[in-house]
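Work through the exercises below with the model in view. Try each task before reading its solution.

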Amino acid sequence: MQDTGLLSIPLPLLTSLLGAAVSLLVYRIDLGRRTASRLLAALFALLSFSSFLVALRFGYGMNQLIFVQRLTPLLVGPLLYLGFAAYALPKGIFKGHALKH
């Protein structure tokens, strides 16, 4: 028997909400460089969005978003690199490295 009175929430959906909260906190906190904060907030927002897509696919059976779900991890590496490079490099040099990357 299935009990339909219970609310079923997939775990990746909760992970997505946690990632969104972390993204907002990183965006608002003063870490020294505004560009680095924005890039790291975008990284956490992307991870949150990816987790949300996983929740939709496996929790609710929405298979129409598989293509988007498989493309989002391609942006994680560049965002992570640029977020930390914004801390390590001076502002003038970082802009050139960001454009090359």
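**Exercise 1.** Which helix has the lowest mean pLDDT among the elements of the chain, and which the highest?

Solution. This is a predicted model, where local features need pLDDT of at least 70 and side-chain atom pairs 80 or more, while totals for chains, interfaces and linings use all residues. Residues are numbered from 1 along each chain, and side-chain values use heavy atoms, without hydrogens and water. pLDDT is the predictor's confidence in each residue, from 0 to 100. Helix H5 (residues 91-100) has the lowest mean, 75. Helix H1 (residues 11-28) has the highest, 93. The chain averages 86, and 92% of the residues score at least 70.

**Exercise 2.** Describe how H2 packs on H4.

Solution. Start with the angle: helix H2 (residues 34-60) and helix H4 (residues 76-88) pack at about 160 degrees, with axes 8 Å apart. That makes H2 roughly antiparallel to H4 (an angle over 145 degrees). Next, the handedness: the crossing of H2 and H4 is left-handed. Then list the contact (heavy atoms within 4.5 Å). H2 brings residues including Leu 39, Leu 40 and Leu 43. H4 brings residues including Leu 79, Gly 83 and Tyr 87. By class, the contact of H2 with H4 has 13 nonpolar, three polar and no charged residues.

**Exercise 3.** Is Leu 40 buried or exposed?

Solution. First, locate Leu 40: it sits in helix H2. Its relative accessibility is 10%, so Leu 40 counts as buried (under 20% relative accessible area, with a 1.4 Å probe and protein chains only). Finally, check its partners: not counting residues up to four places away in sequence, Leu 40 touches Val 26, Gly 83 and Tyr 87.

How values were computed
Axes are lines fitted to C-alpha atoms, for helices over the stretch in contact, and angles run from 0 to 180 degrees between N-to-C directions. Helices (H or I, at least four residues) and strands (E, at least two) are DSSP runs, numbered from the N terminus. Angles under 35 degrees count as roughly parallel, over 145 as roughly antiparallel, 65 to 115 as roughly perpendicular and the rest as oblique. A crossing is left-handed if the near helix is turned anticlockwise from the far one by less than a right angle, and right-handed if clockwise. Ala, Val, Leu, Ile, Met, Phe, Trp, Tyr, Cys and Pro count as nonpolar, Asp, Glu, Lys and Arg as charged, and the others, Gly among them, as polar. Buried means under 20% relative accessible area, exposed over 50%, partly exposed in between (1.4 Å probe, protein chains only).
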